[in-house]
Amino acid sequence: MEEIFQPRGMNRSQARKDGWVGGRADTWRGHWQENPASRAGADAHRMVDDETYAADVARTIRDRDTEVFRAKEAALASSGMKVEPLSPGIGVIIYGIDLASPTDAQVEDVWNLLMERKVVFFRDQGHITRDQHIEFGRCFAKVGLAFGRQQALSAGNDSPDEHPEILKLYADEPRPFAASNWHSDVTWSNRPPLGSILLSRKSPPIGGDTVFVDAFALWDSLNPVLKEFLEGRRAIHGRAGKDEVAHPICRTHPETGRQALYVNPTFTNSICDMEPAESSKLLAQLYAKMYSTPEHACRFRWFDGSVAMWDNRSCQHYAVGDFWPHERKMERVTLLEPKVEDEVPFWLDGDGNRQYGELLTSEEEISTPIGMS
Ligand SMILES: O=C(O)CCC(=O)C(=O)O
Ligand SMILES: [Fe+2]
């Protein structure tokens, strides 16, 4: 798929030829921790030697961005939508759509934007009913239960109501910051959901933003030697320290074919076939790198009626826990993989074969309702 919002060409060979390194830490070579003689240093020298350099680079980037935005606006004109990217690499706010009655053209454009941007956002959708929220999800995929395939007792509502598809995430005193940790949803399951559509019924006046990080960029930015070590390797995921399932660490996205880094500190317990101490050390190093690169992330501020729709296969998220005791009431619809063969995460090896993680979760466990943990 054509990438409309190229990260301003900075990750391209053309951008590297002229020495521009642009401050984006999106290649392993450019990461200052791994190559301190790279970006910042190279730029500083160049700017001292050539005072027009910075201005030229800035103009080139601006021209390129303008072209990109014009192309995107034109492409979306037929569905009447406008877009506001939140960062060069991830996230876009989409305007000009009513989620209660989207057209087919809008549904198609929203899906394409989701594949490209990993997470898309909408404003002013507080009028939609729970049924319309679920119906909007059904435009894209099968809607699952609160945890995808599994029933859940929702936070703030300990009995399933008339909408078992809706997961209520209402911050309350015992659990004010339920999702304030990095994760991709439900990776403790052998069939994690494709994505989610989260609607704010009540937002705090300040705080409670959600941060998203691009899992393709996380994978791309690893050192090639580390990538080779991790490709085809699996990690064990589970909830509350309980081992349940092995997933590939490098996950191939079933639709775009891109590779994503698929471990997270909330549900990943260990790396398979490694000594426990070595596995913990490597996971800690990965997390330190994954979550310390703002260039791979975008941050969304919520208002009542704001919506985020994300692809669990290509991004991770973190609800910032800085709003309590203000109210924050979110409702989520969870999307399942449309194709059975894509339900279990896989890595596409060099011969084009899908390598799945070893499945440890029992069928009984999958069908047992669980509480939030
Ligand atoms: O409340 C949020 O911003 C995110 C909650 C979350 O992690 C989820 O709905 O999966
Ligand atoms: Fe989540």
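A: Let's begin with a cut-off: a residue is buried if 20 or more other C-beta atoms lie within 10 Å of its own, with C-beta atoms placed from the backbone. Please keep in mind that this is a predicted model. With that cut-off, strand S6 is mostly covered, since 6 of its 8 residues are buried.

S6 (195-202) is also one of the elements that give two or more residues to the shell around ligand 1, together with S15 and strand S16 (329-335). The residues around ligand 1 are Leu169, Ala179, Asp185, Ser196, Leu198, Thr210, His317, Ala319, Met330 and Arg332.

Now to the partners of S6. S6 and S16 pair in the antiparallel sense over 7 bridges, and Lys202 has Lys329 of S16 as its bridge partner. S6 is joined to strand S14 (residues 307-311) as well, by 5 bridges and again antiparallel. In that pairing Leu198 stands opposite Ala308; Leu198 is also among the residues around ligand 1.

S15, another contributor to the shell, leads us to an open sheet of 3 strands in the order S13-S7-S15, with antiparallel pairing. Its edge strands are S13 (297-300) and S15 (315-319), each of which pairs on one side only. On average, neighbouring strands of this sheet are turned by 20° against each other, direction ignored. Strand S7 (residues 210-214) is joined to S13 by 4 antiparallel bridges, and Phe212 has Cys298 in S13 as its bridge partner.

Terms used
Residues numbered from 1 in each chain as written. Chains lettered and ligands numbered in written order. Predicted model: local features only at pLDDT ≥ 70, side-chain atom pairs only at ≥ 80, totals over all residues. Pairing = 2+ DSSP bridges. Axes fitted to C-alpha atoms, helices over the stretch in contact; angles between N-to-C directions. Near = placed C-beta within 6 Å. Buried ≥ 20, exposed ≤ 12 C-beta atoms within 10 Å, placed from the backbone.
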